[in-house]
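Work through the exercises below with the sequence and the model in view. Each task is followed by a solution in steps.

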Amino acid sequence: MRELTRAEEQIMQILWDIEKGFVKDILEKMSEPKPAYNTVSTIVRILERKGFVSHKAYGKSHEYFPIVSKDEYRSFTIKNLLTGYFGGSFSRLASFFAKDKNLDVKDMEKILSEVKDEVK
């Protein structure tokens, strides 16, 4: 799996949300100023080459759908973040956010509790 550009990720977020759609459907969900139809079409085809999206053809029209789930990409991204910036250490990541966001002990305990619940 490869990292997505900001534009690719924006389109993937829309596809994950709508589950499947034509380029016009993706374009409708984009905020103003909307890119050109051809721009969105090109990015979707790039996502298809990268293995994130597939399509079903209806004549000359293509309905696109994600083949990489949002959870799979989230996991990949977080692992890259941990490895690239925190030496693979989740505790370093947590410590960074605790300092950066001025989290108190109560907040940290809540996060730890949620992590423990997820692992079960």
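**Exercise 1.** Is Phe-22 buried, partly exposed or exposed?

Solution. The model is a predicted one, in which local features need pLDDT of at least 70 and side-chain atom pairs count only at pLDDT 80 or more, while totals for chains, interfaces and linings use all residues. Residues are numbered from 1 along each chain as its sequence is written, and side-chain values use heavy atoms, with hydrogens and water left out.

Step 1: recall the classes. Buried means under 20% relative accessible area, exposed over 50%, and partly exposed in between, with a 1.4 Å probe and protein chains only.
Step 2: apply them. Phe-22 has a relative accessible area of 26%, so Phe-22 is partly exposed.
Step 3: Phe-22 lies in the loop between helix 1 and helix 2; helices (H or I, at least four residues) and strands (E, at least two) are DSSP runs, numbered from the N terminus.
Step 4: list its contacts, a contact being heavy atoms within 4.5 Å. Leaving out residues up to four places away in sequence, Phe-22 touches Tyr-58, Ser-61, His-62 and Glu-63.

**Exercise 2.** Describe the secondary structure of the protein chain and its overall dimensions.

Solution. Step 1: count the elements. The protein chain has six helices and two strands.
Step 1: The pattern reads α-α-α-β-β-α-α-α.
Step 2: compare the radius of gyration with the globule rule. The radius is taken over C-alpha atoms, and the rule is 2.2 Å times the number of residues to the power 0.38. A compact globule of 120 residues would come near 14 Å, whereas the protein chain has 18 Å.
Step 3: look at the box. Along the principal axes, the C-alpha atoms fill roughly 60 × 30 × 25 Å.
Step 4: Of the 120 residues, 24% count as buried. Among contacts with a separation of 6 or more, 45% come from residues 24 or more positions apart.

**Exercise 3.** Find the salt bridges and say where the partners sit.

Solution. Step 1: state the rule. A salt bridge is a side-chain nitrogen of Lys or Arg within 4 Å of a carboxyl oxygen of Asp or Glu. By this rule the count is three salt bridges.
Step 1: take Lys-50 and Glu-8. Their closest N and O atoms are 2.7 Å apart. This pair links distant parts of the chain, 42 residues apart: Lys-50 is in the loop between helix 3 (37–49) and strand 1 (53–58), and Glu-8 is in helix 1 (residues 6–18). Lys-50 is partly exposed because its relative accessibility is 22%, whereas Glu-8 is buried at 5%.
Step 2: check what else surrounds Glu-8. Beyond four places in sequence, Glu-8 touches Glu-3, Ile-43, Ile-46, Leu-47 and Lys-50.
Step 3: take Arg-74 and Asp-71. Their side chains meet at 2.5 Å, N to O. Both residues lie in helix 4 (residues 70–86), three residues apart, about one turn of the helix. Arg-74 has 42% relative accessibility and so counts as partly exposed; Asp-71, with 52%, is exposed.
Step 4: take Lys-24 and Asp-25. The closest N and O atoms are 3.2 Å apart, and Lys-24 is partly exposed at 46% relative accessibility.

**Exercise 4.** Which residues is Phe-65 in contact with, leaving aside neighbours within four places in sequence?

Solution. Step 1: locate Phe-65. It lies in strand 2 (residues 61–66).
Step 1: classify it. Phe-65 counts as partly exposed because its relative accessibility is 28%.
Step 2: list the contacts. They are Glu-19, Lys-20, Phe-52, Val-53, Ser-54, His-55 and Lys-56.
Step 3: compare sequence and space for one further pair. Phe-65 and Ile-18 are 47 residues apart in sequence, and their C-alpha atoms are 8.8 Å apart.
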